[in-house]
Amino acid sequence: MEISREIQVEKKVDPSKIFQVGMGFFASKTFLTAVKIELFTILANQWLSGQEIRHRLNLNERSLYDFLDTLVALGFLQRKGIRENASYANSPEAEIYLDKCRLTYIGGILEMANNRLYPSWNHLEEALRTGKPQNELRSEGYDFFEQIYSDKRKTREFINAMGGAQTGNFIAFAERFDFSKYTTLCDIGGAGAQLSAMVTMRKPQIHCKSFDLPAISPIALENISKLGLADKIEVVSGDFFNDPFPRADIITMGNILHDWGTRDKIRLIQKAYEALPSGGSFVVIESIIDNERRENAFGLLMSLNMLIETQEGYNFSAEDFNGWAKEAGFSETYILPLSESSNAVVAVK
């Protein structure tokens with residue numbers, strides 16, 4: 001009877017998810033390769049045949065249609081016809097976010113994932129055993145961020161990649177947050193001023209400042225000039241650990257706290273508290289882990305990425321943030337949903 005019951009249980013359990021996750025890098029690498037070779041950019045606003053794509057991207061005939069049709073099955077391409085008679089175009093999402101010629105391009109972070117993170121994640125086991133980063137610091141002996149900021153071209157590419165990755169969340173924040181009681185905002189670690197730009201374009205009554213290192217200021221100024229916002233957004237240079245935060249009614253941080261350990265997280269939250277007036281809001285935009293640590297897989301995976309990339313960084317839950325914020329003196333906190341995998345947690349002074 002025991003054997004029979006075990007067989008019945010096995011029949012009811014589907015192993016598909018095991019294979020989908022275990023072989024998930026198949027899909028990831030296919031998609032990241034398409035981004036790297038700029039497939040979505042050449043398909044912008046047009047349909048092309050498989051052979052036209054092959055010639056433009058210098059691809060081999062073998063597996064051409066397997067590659068393209070995989071991207072159809074994954075939802076990143078549209079197709080009419082089949083094989084030699086097929087023509088391809090971008091999906092609506094790919095058209096908006098993966099065309100390199102658009103300001104909405106978010107592929108920079110995906111290019112970095114392909115070129116840097118993909119090989120670094122091969123050393124996750126070592127990271128879990130040692131607790132140490134597995135990026136360039138491990139393989140080449142230098143800190144990735146120090147190298148990035150020493151090269152102007154790399155700095156621009158990295159900053160725009162990071163900002164582009166958050167564009168959707170910044171837009172959602174600008175549209176969903178209640179700005180009615182406020183007039184000023186300062187984005188700490190503002191990078192290329194993308195958050196400030198999204199708020200200014202949707203809430204012109206809010207005066208925005210973007211605060212980041214001196215090496216970042218020219219990039220922020222360049223970005224806001226392209227958008228015609230140079231006279232509406234103030235770019236302020238400084239170090240958020242060593243300099244006071246500019247005073248504002250709203251202090252924001254997008255993907256900043258997850259880079260640091262608990263002590264530095266609390267330190268930055270305390271500095272935000274000090275820069276705000278009574279009633280002011282501190283807004284943190286991150287892949288916030290759900291309090292039960294069961295649902296937001298992306299937030300948990302991003303926390304593992306912080307293990308790979310940083311000395312002490314990790315993602316956190318709204319409950320974690322509430323404890324730190326209350327310790328700093330904030331009176332209340334709440335969650336502002338932004339997307340399936342990202343939220344804003346807000347602390348009110």
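This dialogue goes through several features of a predicted model and how to read them.

Reader: What kind of model is this, and how are its residues numbered?

Author: The model is predicted, so local features need pLDDT of at least 70 and side-chain atom pairs count only at pLDDT 80 or more, while totals for chains, interfaces and linings use all residues. Residues are numbered from 1 along each chain as its sequence is written, and side-chain values use heavy atoms, with hydrogens and water left out.

Reader: What is a nonpolar core, and which residues touch the most other members of the largest one?

Author: A nonpolar core is a set of buried Ala, Val, Leu, Ile, Met, Phe, Trp, Tyr and Cys residues joined through side-chain atoms within 4.5 Å. Buried means under 20% relative accessible area, exposed means over 50%, and partly exposed is in between (1.4 Å probe, protein chains only). Here the largest nonpolar core has 31 residues, and Leu-39, Phe-40, Ile-53, Leu-68 and Leu-77 touch the most other members.

Reader: Which elements give two or more residues to this core?

Author: Helices (H or I, at least four residues) and strands (E, at least two) are DSSP runs, numbered from the N terminus. The elements in question are helix 3 (24-36), helix 4 (39-42), helix 5 (50-57), helix 6 (64-73), helix 8 (107-120) and helix 12 (152-165). Helix 6 gives the most, with 5 residues. Another core, of 29 residues, lies apart from this one and has Leu-257, Phe-282, Phe-330 and Val-345 among its members.

Reader: Which residues is Leu-39 in contact with?

Author: Contact means heavy atoms within 4.5 Å. Leaving aside neighbours within four places in sequence, Leu-39 is in contact with Ala-34, Ile-53, Leu-57, Phe-67, Leu-68, Leu-71 and Leu-77.

Reader: What does Thr-30 touch?

Author: Thr-30 has its place in helix 3. Not counting residues up to four places away in sequence, Thr-30 touches Phe-67, Thr-70 and Leu-71. A polar atom of the Thr-30 side chain also lies 2.8 Å from the backbone oxygen of Phe-26.

Reader: What is a salt bridge, and how many are there?

Author: A salt bridge is a side-chain nitrogen of Lys or Arg within 4 Å of a carboxyl oxygen of Asp or Glu. By this rule the count comes to 10 salt bridges. In one of them, the side chains of Glu-125 and Arg-129 meet at 3.2 Å, N to O. Both residues lie in helix 9 (residues 124-130), 4 residues apart, about one turn of the helix. Glu-125 is exposed, with a relative accessible area of 51%, and Arg-129 is exposed as well, at 67%.

Reader: Is Asp-99, which forms a salt bridge with Arg-102, buried or exposed?

Author: Asp-99 counts as buried, at 5% relative accessibility, whereas Arg-102 counts as partly exposed, at 33%. The closest N and O atoms of this pair are 3.9 Å apart.

Reader: How far apart are the closest N and O atoms of Asp-264 and Arg-267?

Author: They are 4.0 Å apart, and the two residues form a salt bridge. Asp-264 and Arg-267 are 3 residues apart in helix 16 (residues 262-275), so about one helical turn separates them. Elsewhere, salt bridges that share partners join Glu-38, Lys-100 and Glu-111 into one network.

Reader: How many residues of helix 14 (residues 194-202) are buried?

Author: The number is 7 of the 9, so helix 14 is largely enclosed by the rest of the structure. The buried residues are Gln-194, Leu-195, Ser-196, Ala-197, Met-198, Val-199 and Thr-200.

Reader: Where do residues other than glycine have a positive phi?

Author: Asn-58 is one of them, with phi near 55°, and is found in the loop between helix 5 and helix 6. Asn-58 counts as exposed, at 70% relative accessibility. Arg-293 is another, with a positive phi of about 55°. Arg-293 lies in the loop between strand 8 (281-286) and helix 17 (297-309) and counts as exposed, at 51% relative accessibility.

Terms used: A polar contact is a pair of N or O atoms within 3.5 Å; within protein, one must be able to donate a hydrogen and the other to accept it, and residues adjacent in sequence count only if both atoms are side-chain atoms.
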